[in-house]
Amino acid sequence: MNQEVILLIEDDEVFSSVILRAFQRRGFETLHAGDIDTARMLISSSLFDMAVVDLNLDGHSSLELIPLMREHCPDSNILMLTGYASIATAVEAIKLGADNYLAKPADANEILAALQNPEADGAAASFQAPMSVRRLEWEHIQKVLKENHGNISETARQLKMHRRTLQRKLQKKPVSG
């Protein structure tokens, strides 16, 4: 019997060890990368059926990994996982080839459900409820930041706020609802 292989790209060691153990207990073979370089190496040298990718790897976006995964394992299911969910990053991840998008916190059952049923579109459902003013501010900041390719100084200028104020807002977890 062939085991399905899951590639986990996540830099949080505690979260990674919990999720890897949970996947292994459910009968999956697992591969793990905790940084971009290890992820690139595993993507180019391994075959996997599913991948869970943390959006923020040690302060760097992992969106660049999605096209590499699509090239090496075109039939795999790719789930983007993040603690900083925004509509802009969800749309970008899906455009690049991710099959689904899930906001943290998420447990192994939620992750597997999103991986095995990408048509369920859990990300879109979580964004359909009316947003609070704080959530709208977060989404607008993320949109402008994306338009400026992550340039915080230019984003702060366009938003007419001090760069440090913007940095403080970006360091906070997004508000829900």
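**Note on the predicted model**

Asp12 caps the N-terminal end of helix α1, with one of its side-chain oxygens 3.1 Å from the backbone nitrogen of Val14. This is a polar contact (a pair of N or O atoms within 3.5 Å; within protein, one must be able to donate a hydrogen and the other to accept it, and residues adjacent in sequence count only if both atoms are side-chain atoms). Helices (H or I, at least four residues) and strands (E, at least two) are DSSP runs, numbered from the N terminus.

1. **Basis.** The model is predicted: local features need pLDDT of at least 70, side-chain atom pairs count only at pLDDT 80 or more, and totals for chains, interfaces and linings use all residues. Residues are numbered from 1 along each chain as its sequence is written, and side-chain values use heavy atoms, with hydrogens and water left out.

2. **Confidence.** The predictor's confidence in each residue is its pLDDT, from 0 to 100. The protein averages 85, and 86% of the residues score at least 70. Strand β1 (residues 5-9) has the highest mean, 96, and helix α6 (residues 122-128) the lowest, 48. Residues 123-128 have a pLDDT below 50, and this stretch makes nine contacts in the model beyond near neighbours in sequence; contact means heavy atoms within 4.5 Å. Where pLDDT is low, the predicted coordinates should not be read in detail.

3. **Length of α1.** Helix α1 covers residues 13-25, which is 13 residues. The expected span is 1.5 Å times one less than the number of residues. That gives 18 Å, and the end C-alpha atoms are 18 Å apart, so the two agree. Just after α1, Gly27 has a positive phi of about 95°.

4. Which residues of α1 are buried? They are Phe15, Ser16, Ile19, Leu20, Ala22 and Phe23. Buried means under 20% relative accessible area, exposed over 50%, and partly exposed in between (1.4 Å probe, protein chains only). Seen down the axis, the buried residues of α1 fall within an arc of 165°, so they line one face of the helix; the arc is that of the directions from the helix axis to the C-beta atoms. Glu13, Val14 and Arg25 are exposed on the other side. The cover over the buried residues includes β1, β2 (29-33), β3 (50-54), β6 (77-82) and α5 (108-116).

5. An unreviewed UniProt entry annotates Asp54 as "modified residue: 4-aspartylphosphate". UniProt positions are given in the numbering used here, feature names are shortened, and annotations may be inferred rather than shown by experiment. Asp54 lies in strand β3 and counts as buried, because its relative accessibility is 4%. Leaving aside neighbours within four places in sequence, its contacts include Glu10, Asp11, Thr82 and Lys104.

6. **Two loop residues with positive phi.** His149, in the loop between α7 (133-147) and α8 (152-159), has a phi near 55°, a positive value in a residue other than glycine. Its relative accessible area is 77%, so His149 is exposed. Lys160, in the loop between α8 and α9 (163-171), also has a positive phi near 55°. Lys160 counts as exposed, at 74% relative accessibility.
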